[in-house]
Every structure is written in C-alpha cells, then in structure tokens.
Amino acid sequence: MLFEMDAAITISYIDGVFRTSLDNLSLNFFNFIDVSVSGFIESDGDFMIHGSTHMGVDLGIIAFSGGFDLTISNTEARADFYMHGEAN
C-alpha cells in the first residue's frame, strides 16, 4: 500500500469553552515515513499542537533511522531531532 492515514477529531463545549481536539492523525507513507499530529485549540486561547515524524531505512547490513518532534502551545515551543545508525 502506498500510504495509510487515520484521524480522530472531537469538538466539545464545556463550561463556556469550545474545544476542537485532533486526537490522532497518523500517516504511514510507503512504510518509510510515519507522521503523527495531535493537539487541541480552545476558544479561551489555550492550544497545543504536537507533531512528529520518523523515517527509517534498513539495507540489511546497515540501518538508519531518524525523526523530528515539534510541540507548539500557548505556553511553550519545543523541537527535538534524532538520528540513529547501526551496522549488522
């Protein structure tokens, strides 16, 4: 399969605040790259969006993988990058 994608979205109204949540959006592309996004946005200004991507290549005698995580919210912003390689 070329790609597979799943998503779940929730919209709610609690104590006078509208909230839209992206509970899980995931995409697998050629079993090479995985992308995931989740988070929420509220009508009172609170929000948090987190996204990550991971990719990997296994060539038998050597394998490489890496990824990137990003979180943005009304209180912080954070990014992480990682790489890994190994010889079999």
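Reader: Let us start with E42: in which strand is its place?

Author: E42 has its place in strand β3. Please keep in mind that this is a predicted model.

Reader: What makes E42 count as buried?

Author: The relative accessible area of E42 is 15%. Buried means under 20%, so E42 is buried.

Reader: Which residues does E42 touch, leaving out those up to four places away in sequence?

Author: E42 touches V17, F18 and R19.

Reader: Why is the pair of R19 and E42 called a salt bridge?

Author: The closest N and O atoms of R19 and E42 are 2.6 Å apart. The cut-off is a side-chain nitrogen of Lys or Arg within 4 Å of a carboxyl oxygen of Asp or Glu, so the pair of R19 and E42 forms a salt bridge. R19 lies in strand β2 and E42 in strand β3, so this pair ties together parts that are 23 residues apart in sequence. In general, side chains of opposite charge can pair when their charged atoms come close.

Reader: Is R19 buried, exposed or partly exposed, and what makes it so?

Author: R19 has 27% relative accessibility. Buried is under 20% and exposed is over 50%, with partly exposed in between, so R19 counts as partly exposed.

Reader: How many salt bridges does a search of the whole structure find?

Author: The search finds two salt bridges. One of them is formed by R78 with D80, with 3.0 Å between the closest N and O atoms. That value is within the 4 Å cut-off, so the label applies to R78 and D80. D80 counts as partly exposed because its relative accessibility is 30%.

Reader: Now the rings. How many aromatic pairs does the structure hold?

Author: The structure holds two aromatic pairs. One of them is Y13 with F18, at 4.6 Å centre to centre and with 50 degrees between the planes.

Reader: Why is the pair of Y13 and F18 called tilted?

Author: Ring centres have to lie within 6.5 Å; planes under 30 degrees apart are stacked and planes over 60 are edge-to-face, with the rest tilted. With 4.6 Å and 50 degrees, Y13 and F18 form a pair, and a tilted one. Y13 and F18 are both exposed.

Reader: And what makes the pair of F29 and F30 edge-to-face?

Author: F29 and F30 also have 4.6 Å centre to centre, but the angle between their planes is 80 degrees. The cut-off for edge-to-face is over 60, so the label applies to F29 and F30. F29 is partly exposed, with a relative accessible area of 37%, and F30 counts as partly exposed at 44%.

Reader: How do you know that β1 and β2 pair?

Author: Strand β1 (residues 3-14) and strand β2 (residues 17-29) share twelve bridges in the antiparallel sense. At least two bridges are needed for a pair, so β1 and β2 qualify. As an example, the bridge partner of A7 in β2 is L25.

Reader: Where is N31, and is it buried or exposed?

Author: N31 has its place in the loop between β2 and β3. Its relative accessible area is 67%, and exposed means over 50%, so N31 is exposed. N31 is not a glycine, and its phi is positive, near 55 degrees.

Reader: What makes M48 partly exposed?

Author: M48, in strand β4 (residues 47-58), has 25% relative accessibility. That value lies between the 20% and 50% cut-offs, so M48 counts as partly exposed. Leaving aside neighbours within four places in sequence, M48 is in contact with S38, G39, F40, T71, I72 and S73.

Reader: Stepping back, how does the radius of gyration of the protein compare with that of a compact globule?

Author: The protein has 17 Å, whereas a compact globule of 88 residues would have a radius of gyration near 12 Å. Along the principal axes, its C-alpha atoms fill a box of roughly 60 × 30 × 15 Å. Buried residues make up 11% of the 88 residues. The protein has zero helices and six strands.

Conventions
Residues numbered from 1 in each chain as written. Predicted model: local features only at pLDDT ≥ 70, side-chain atom pairs only at ≥ 80, totals over all residues. Heavy atoms only, no water. Helix = DSSP H or I, 4+ residues; strand = E, 2+ residues; numbered from the N terminus. Buried < 20%, exposed > 50% of the residue type's maximum accessible area, 1.4 Å probe, protein only. Contact = heavy atoms within 4.5 Å. Rg over C-alpha atoms; globule rule 2.2 N^0.38 Å. Phe/Tyr/Trp six-rings, centres within 6.5 Å; stacked < 30°, edge-to-face > 60°.
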